Amino acid sequence: MSSKNRRTDDPRKGEGAKRGGHTRHSVQDNAQRTAALVNVLTGGSPPAPADVADVLRDHGETGPVDVSPADVAELRIAAEALRGVFAAPDLAEAVTCLNRLLAEGTGPVRLSAHGGDTPWHIHLDSGDEAPWAEWFLASSCMALAVLIWDRQRPPGGVCAARRCTNVYVEGGSGAPRRYCSGRCATRERVATHRRSRLVRDDG
Ligand SMILES: [Zn+2]
């Protein structure tokens with residue numbers, strides 16, 4: 001089990017975050033990272049540590065990302081637990097699931113600036129060098145909890161396309177999403193069109 005070399009819960013720690021006032025964007029970005037990690041870590045066989053590191057880098061992790069096979073095993077357990085929040089059928093069950101994770105899997109609120117490398121932001125893990133799985137569960141719980149607080153609706157869902165198990169994060173406004181990606185939405189639209197044409201031809 002390796003600990004993280006460096007981590008941030010503020011993917012915009014470049015110019016954007018330094019200007020301040022980006023909490024909401026950061027929370028949305030962190031929730032997107034949670035969904036991407038849940039998707040790479042669950043729904044199939046264990047990913048290679050390098051694949052997990054790629055997702056972390058895609059979502060703002062900088063410097064060397066040291067993820068071991070043991071980390072992946074622990075991250076998968078956290079990811080399965082977090083999938084429950086996305087899979088909840090309604091807001092009340094998402095909250096119940098998230099409250100259980102917060103009670104069992106995260107520590108008290110603390111502030112960190114990673115030694116001055118980032119703006120001050122909130123963590124729920126035990127320290128800046130906590131293992132990846134602890135950080136993943138804690139940062140995900142916080143992002144999802146803040147999204148629920150902010151929007152009073154479920155933070156995301158599971159893709160409605162057949163044969164897709166990906167989770168997704170809701171946008172801030174507009175109609176609820178149903179699919180993880182434009183690709184899945186298009187595929188389902190084509191399949192529905194084919195089915196309705198078959199029904200018409202039969203009739
Ligand atoms: Zn999908």
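1. The structure is a predicted model, in which local features need pLDDT of at least 70 and side-chain atom pairs count only at pLDDT 80 or more, while totals for chains, interfaces and linings use all residues. Residues are numbered from 1 along each chain as its sequence is written. For the protein chain the mean pLDDT is 88, with 87% of residues reaching 70 or more.

2. Helix H4 (residues 69-87) and H5 have axes that come within 7 Å and cross at roughly 155°; helices are DSSP runs of H or I with at least four residues, numbered from the N terminus, and axes are lines fitted to C-alpha atoms over the stretch in contact, with angles from 0 to 180 degrees between N-to-C directions. H4 and H5 are therefore roughly antiparallel, the term for angles over 145 degrees. Their contact is made by Ala81, Gly84 and Val85 of H4 together with Ala94, Cys97, Leu98 and Leu101 of H5.

3. Helix H5 (residues 91-105) also packs against helix H6 (residues 132-151), at an angle of about 145° and with the axes 10 Å apart. On the H5 side the contact involves Ala94, Val95, Leu98, Leu101, Leu102 and Gly105, and on the H6 side Leu137, Cys141, Leu144, Ala145 and Ile148.

4. An unreviewed UniProt entry annotates residues 158-195 as "domain: Zinc finger CGNR", and such annotations may be inferred rather than shown by experiment. In the model the end C-alpha atoms of residues 158-195 lie 23 Å apart, and the span is 37% helix and 11% strand, strands being DSSP runs of E with at least two residues.

Terms used:
pLDDT = per-residue confidence, 0-100. Contact = placed C-beta atoms within 7 Å. Parallel < 35°, antiparallel > 145°, perpendicular 65-115°, else oblique.
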